[in-house]
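Morning, everyone. Let me put it up.

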Amino acid sequence: MSLQEEKIYNLYRLLGQFGELKRKNHFGGHCLLVDNAIIGVILEEHFYLRGCLLAGSHFEASELNRLVYSKKGIPLALRYYQLPEQIWCDEGLCLYYIELAYRSAMEELQQKQTVSIRIKDLPNMNMSVERALGKIGIYHVEELRMMGAKACFLKLKQHGRHNPSIKFLIGLAAAIEGCHSAVLPTNIKQELINWYNDVN
């Protein structure tokens, strides 16, 4: 199903009922956020609702198709579910699914905010990275996000014993975005590679 302009307009209109709508690059397409919670992603003209918590169980029970990302030829089913044509054609049903995704995403966001997440718990990170960042004065996830991947990389390069790799830089950028490095958009990866080559 192609997302024609009319469908995109309707999608934005429905999502806008729940709060402030934003777009952000994601998975090589772009994700749609309402009140800073990811609700869905538009990829190759298809729209997928994010299925976290209760929404994921409901979408599975409704047999919605999951977004499958291929990593080195190995398919990975992600927590995003495609809306079929019959749901698009029924605005009340479409709104129901969107609201379910929105409420589940907001609940998950609130849960994350109440739990103190350590750097080692972010995607692509581990204890050794957490320790290395601690040596340059970065102890908390918010400090990492505020400083950004490039500034952290430069500080580690200046103060560390080892020269951090491009893989490390991409992993750091993806961790800040909250995703695995394999699904960081290609244009962001390429920009990081160009920057890495410039500073080296």
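A definition to begin. Rings of Phe, Tyr and Trp (its six-membered ring) pair if their centres lie within 6.5 Å; planes under 30 degrees apart count as stacked, over 60 as edge-to-face and the rest as tilted. With that in hand, look at Phe59, Tyr81, Tyr96 and Tyr97: ring pairs link them into a cluster.

Some housekeeping. This is a predicted model, where local features need pLDDT of at least 70 and side-chain atom pairs count only at pLDDT 80 or more, while totals for chains, interfaces and linings use all residues. Residues are numbered from 1 along each chain as its sequence is written, and side-chain values use heavy atoms, with hydrogens and water left out.

Back to the rings. How many aromatic pairs does the structure hold? Seven. Take Phe47 and Trp88. Their pair is edge-to-face, with 6.2 Å centre to centre and 65° between the planes. Phe47 sits in strand β4 (residues 46-50) and Trp88 in helix α3 (residues 85-88), so this pair ties together parts that are 41 residues apart in sequence. Helices (H or I, at least four residues) and strands (E, at least two) are DSSP runs, numbered from the N terminus.

For the cut-offs: buried means under 20% relative accessible area, exposed over 50%, partly exposed in between (1.4 Å probe, protein chains only).

Next pair: Phe153 and Trp195. This one is edge-to-face, at 5.7 Å centre to centre and 70° between the planes. Phe153 is in helix α7 (residues 149-159) and Trp195 in helix α9 (residues 186-199), so the pair links distant parts of the chain, 42 residues apart. Phe153 is buried at 0% relative accessible area, and Trp195 is buried at 17%.

Now the charges. The structure holds ten salt bridges. A salt bridge here is a side-chain nitrogen of Lys or Arg within 4 Å of a carboxyl oxygen of Asp or Glu.

Glu177 bridges to Lys24, with the closest N and O atoms 3.5 Å apart. That pair links distant parts of the chain: Glu177 in helix α8 (residues 166-177) and Lys24 in strand β1 (residues 21-26), 153 residues apart. Glu177 is partly exposed at 38% relative accessibility. Lys24 is partly exposed at 34%.

Arg118 forms a salt bridge with Glu130, the closest N and O atoms being 2.3 Å apart. Arg118 lies in the loop between α4 (91-114) and α5 (127-135), and Glu130 in helix α5, so the pair ties together parts that are twelve residues apart in sequence. Arg118 is partly exposed, at 40% relative accessibility. Glu130 is buried, at 12%.

One more bridge joins the side chains of Lys120 and Asp121, at 3.0 Å from N to O. Lys120 is partly exposed at 28%, and Asp121 is partly exposed at 45%.

Let's stay with α5. Which of its residues are buried? Val129, Glu130, Leu133 and Gly134. Seen down the axis of α5, they fall within an arc of 140°, so they line one face of the helix. The arc is that of the directions from the helix axis to the C-beta atoms. A reminder on geometry: an α-helix has 3.6 residues a turn, so residues three or four places apart point the same way. On the other side of α5, Arg131 and Lys135 are exposed. The buried residues pack against α6 (141-147), α7 and α8, with contact meaning heavy atoms within 4.5 Å. After α5 comes Gly137, whose phi is positive, near 90°.

Last stop: Arg50. Arg50 lies in strand β4 and is buried, with a relative accessible area of 10%. Together with Arg79 and Glu108, Arg50 is linked in a network of salt bridges. The side chains of Arg50 and Glu108 are joined by a polar contact of 2.3 Å. A polar contact is a pair of N or O atoms within 3.5 Å; within protein, one must be able to donate a hydrogen and the other to accept it, and residues adjacent in sequence count only if both atoms are side-chain atoms. A polar atom of the Arg50 side chain also lies 3.4 Å from the backbone oxygen of Ile38. Leaving aside neighbours within four places in sequence, the contacts of Arg50 include Phe59, Tyr80, Ala101 and Lys112.

That's the tour. Thanks.
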